[in-house]
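Please walk through this protein chain with me, from its overall build down to single side chains. Keep the model open as you read.

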Amino acid sequence: MSWGFMNKERNDLMSNGHKVVRDRIPAILDEQGLKYEIKTLSDEDYLEGLIRKLDEEVNEYKADRTIEELADILEVVQSIARISGVSKAELEELREKKAAANGGFTKNLYLERIGD
């Protein structure tokens, strides 16, 4: 199996580990014949790991600006919602309500200052 777009994640795992990973990473590592240690976290610890993962993914997007990194951010956000007891539908409903009340980010507006 080729790592393809997974090369960066594989290299990061090989260099430092100690982070939450996607569900198929153990199977992929097995297919590659690599040794690893993995554990299952409590929901509380997993949430903390996901928050760190979100920072990682946002930083990767800032550096690379690729659609793949945006997809990774979305995956982590949806996982944070799930572990927090919020469905994709509920998250989307809240996003829509906030957009209706305050607008979205479609007009490229930038607030320079308020007041005198």
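The paragraphs below go from the whole chain to its core, its salt bridges and its surface.

This is a predicted model, in which local features need pLDDT of at least 70 and side-chain atom pairs count only at pLDDT 80 or more, while totals for chains, interfaces and linings use all residues. Residues are numbered from 1 along each chain as its sequence is written, and side-chain values use heavy atoms, with hydrogens and water left out.

Start with confidence. pLDDT is the predictor's confidence in each residue, on a scale from 0 to 100. The protein chain averages 91, and 86% of the residues score at least 70. Residues 1-5 are another matter: pLDDT stays under 50 there. For that stretch the model has seven contacts beyond four places in sequence. A contact means heavy atoms within 4.5 Å.

Now the fold. The protein chain has five helices and zero strands. Read from the N terminus, the order is α-α-α-α-α. These elements are DSSP runs numbered from the N terminus: helices are H or I over at least four residues, strands are E over at least two. How much of the contact set joins residues 24 or more positions apart? Such pairs account for 49% of the contacts with a separation of 6 or more.

Buried means under 20% relative accessible area, exposed means over 50%, and partly exposed lies in between (1.4 Å probe, protein chains only). Of the 116 residues of the protein chain, 22% count as buried. The chain exposes about 9,500 Å², with carbon and sulfur atoms supplying 52% of that area. Accessible areas come from the Shrake-Rupley method with a 1.4 Å probe; for residues, only the protein chains shown count as cover.

Which residues make up the largest nonpolar core? There are six: V20, Y46, L50, V76, I80 and I83. The elements that give two or more residues to this core are α3 and α4 (67-83). Helix α4 brings the largest share, three residues. A nonpolar core is a set of buried Ala, Val, Leu, Ile, Met, Phe, Trp, Tyr and Cys residues joined through side-chain atoms within 4.5 Å. Look closely at I80. Leaving out residues up to four places away in sequence, I80 touches L47, L50, I51 and L54.

Turn to the charged side chains. Side chains of opposite charge can pair when their charged atoms come close. A salt bridge here is a side-chain nitrogen of Lys or Arg within 4 Å of a carboxyl oxygen of Asp or Glu. The whole structure holds seven salt bridges. One of them joins K19 and E56, at 3.0 Å from N to O. This pair links distant parts of the chain: K19 sits in the loop between α1 (7-15) and α2 (25-31), E56 sits in helix α3, and 37 residues separate them. K19 is partly exposed because its relative accessible area is 23%.

A second bridge pairs K53 with E57, whose closest N and O atoms are 3.5 Å apart. The two are four residues apart in helix α3, so about one helical turn separates them. Both K53 and E57 are buried. K19, K53, E56 and E57 are linked in a network of salt bridges. Elsewhere, R24 and E31 meet in a salt bridge at 4.0 Å, N to O. R24 has a relative accessible area of 46%, so R24 is partly exposed. E31, at 47%, also counts as partly exposed.

V77, V86 and L91 make a nonpolar patch of about 170 Å². Patches are made of residues with over 30% relative accessible area and no salt bridge: like charges are joined within 9 Å, nonpolar side chains (Val, Leu, Ile, Met, Phe, Trp, Tyr) within 5 Å. L91 belongs to helix α5 (residues 88-102). L91 is partly exposed, with a relative accessible area of 32%.

D43 lies in helix α3 (residues 43-64) and, at 52% relative accessibility, counts as exposed. The C-alpha atoms of D43 and S84 are separated by 8.6 Å, although the two residues are 41 apart along the chain. R65 lies in the loop between α3 and α4. Phi of R65 is near 55 degrees, a positive value in a residue other than glycine. R65 is exposed, at 63% relative accessibility. N108 is found in the segment after α5. Phi of N108 is also positive, near 55 degrees. N108 is exposed, at 73% relative accessibility.
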